[in-house]
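Subject: Structure handover

Hello,

Here is the structure I said I would pass on. My notes on it follow below.

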Amino acid sequence: MKHCDILLRVVFRCLKGVINSSLIRCLLGLISNAALGSASLAGEKPPKSPLLESIRVPIEFNAFPASKWAPTSIDPDARHDRIPFNIKLKPVIPFPLNQDWTLLTYTVLRFSSIPWGSLGVEYTPDGIPFTSWTQDNRFGLAVVNPTAVFVPHLSRDFVVGIGPSVSAPVGKTPISDGIWTIGPAVFVSWKTGPWRLGARIQNMFSFAGDEANDNVNLFIIRGKFVYQLHKDWFLVSAPIITNDWNHPDGKGWMLPVGGGIGRIFQLGQSRASFSIQAYYNLLQPASLGEQLTGDWSVRTDLNFMIPK
């Protein structure tokens, strides 16, 4: 019952944040304007966006070279010589509700490889004990993050949806922090000429889990900017920008900049795309006064698009 009460309070907090958010009000204004514009077309309803008529299964790999497993204050021998990485399986499945609305679901299953250390005791040649760290890697499924947004059918080129997002920890420390989070989510996509511009926006709040890490207030925005060079080639930039609003120094921003190039392949009735990207961290949060993540990250993205 305690967790149920907490969950209800968090849901109310999220809904209140959604209503009061100027960003959401702006998006609702866009929806209203687009709907009015559509209504003027002799009563005809605009066609659905192709994004709502196919199943997509992206598989994303992110590596962070030259990272450090722990601050110097914990392990004086720690160096920027580790490569943590993650693999994300991200199925996107639309469910038509009626002729006007679609429930668009996207779920992130994140598998993580985290450098870690185990504290042990060693002895000098004279038999004097001292502590030392033995470094290794931990790998496993860390988090399952389902999101569902309600999307009105506005046009083929513009999609916007609002809904809830939940993140469930399924791994153990250090792969997962053991915290359940919930929050509002917004999905936006707009195609104009050779450009496709979009974003997924979330703000997650903790409501259950490990009491030692239960104060989570995390903002996440994943922009996506695609420029079609040719019917088969494209440029892409999809930085994942985050901010920990509860960072003790007020410096919780992770701000990567960069991008890459990709190609589209035809697979029978389906299509797939592959891209390789690189990002430089202009800003990143510190842990005990040190930046542990390397300055650069590398990403590959394989995306299967299956018509329904």
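This is a predicted model: local features need pLDDT of at least 70, side-chain atom pairs count only at pLDDT 80 or more; totals for chains, interfaces and linings use all residues.

Overall picture

The protein has 14 strands and two helices. Of its 308 residues, 41% are buried. Taking contacts between residues at least 6 apart in sequence, 60% join residues at least 24 apart. The protein exposes about 16900 Å², and 64% of that comes from carbon and sulfur atoms.

Surface patch

A nonpolar patch lies on the surface, with about 960 Å² of accessible area in total; its members include Ile59, Leu89, Trp233, Phe265, Phe274 and Leu302. Two or more of the patch residues come from each of β10 (233-237), β12 (253-267), β13 (270-283) and β14 (296-307). Strand β12 gives the largest share, three residues. Phenylalanine 265 is located in β12 and is partly exposed, because its relative accessibility is 37%.

Cores

The largest nonpolar core holds 10 residues, among them Leu51, Val92, Leu104, Tyr106, Val159 and Phe187. Strands β4 (101-123), β5 (129-152) and β7 each give two or more residues to this core. Another core, of nine residues, lies apart from it and includes Leu154, Phe158, Val188 and Phe219. Leaving aside residues up to four places away in sequence, leucine 104 touches Leu51, Leu52, Val92, Val149, Val151 and Phe187, among others.

Salt bridges

There are seven salt bridges in the structure. One of them pairs lysine 90 with glutamate 60, with 2.8 Å between the closest N and O atoms. Lysine 90 sits in the loop between β2 (85-89) and β3 (92-96) and glutamate 60 in strand β1 (residues 54-63), so this bridge ties together parts 30 residues apart in sequence. Lysine 90 has a relative accessible area of 7% and is therefore buried; glutamate 60 is buried as well, at 0%.

Glutamate 60 also meets arginine 222 in a salt bridge, at 2.5 Å from N to O. This pair links distant parts of the chain, 162 residues apart, with arginine 222 in strand β9 (residues 217-228) and glutamate 60 in strand β1. Arginine 222 and glutamate 60 are both buried.

A further salt bridge joins the side chains of arginine 138 and aspartate 136, at 3.4 Å from N to O. Both ends count as partly exposed: arginine 138 at 25% relative accessibility and aspartate 136 at 28%. Through shared partners, salt bridges connect Glu60, Lys88, Lys90, Arg222 and Arg299 into one network.

Two single residues

Proline 174 is in the loop between β6 (158-169) and β7 (179-192). Its relative accessibility is 17%, so proline 174 counts as buried. Not counting residues up to four places away in sequence, proline 174 touches Ile114, Trp116 and Arg138. Its C-alpha is 9.2 Å from that of phenylalanine 139, although proline 174 and phenylalanine 139 are 35 residues apart in sequence.

Asparagine 243 is in strand β11 (residues 240-244) and is buried, with a relative accessible area of 3%. A polar atom of the asparagine 243 side chain lies 3.3 Å from the backbone nitrogen of tryptophan 253. Asparagine 243 touches Asn217, Leu218, Phe219, Gly252 and Trp253, again not counting residues up to four places away in sequence.

Regards

Conventions. Residues are numbered from 1 along each chain as its sequence is written. Side-chain values use heavy atoms; hydrogens and water are left out. Patches are made of residues with over 30% relative accessible area and no salt bridge: like charges are joined within 9 Å, nonpolar side chains (Val, Leu, Ile, Met, Phe, Trp, Tyr) within 5 Å. Accessible areas come from the Shrake-Rupley method with a 1.4 Å probe; for residues, only the protein chains shown count as cover. A salt bridge is a side-chain nitrogen of Lys or Arg within 4 Å of a carboxyl oxygen of Asp or Glu. Helices (H or I, at least four residues) and strands (E, at least two) are DSSP runs, numbered from the N terminus. Buried means under 20% relative accessible area, exposed over 50%, partly exposed in between (1.4 Å probe, protein chains only). Contact means heavy atoms within 4.5 Å. A nonpolar core is a set of buried Ala, Val, Leu, Ile, Met, Phe, Trp, Tyr and Cys residues joined through side-chain atoms within 4.5 Å. A polar contact is a pair of N or O atoms within 3.5 Å; within protein, one must be able to donate a hydrogen and the other to accept it, and residues adjacent in sequence count only if both atoms are side-chain atoms.
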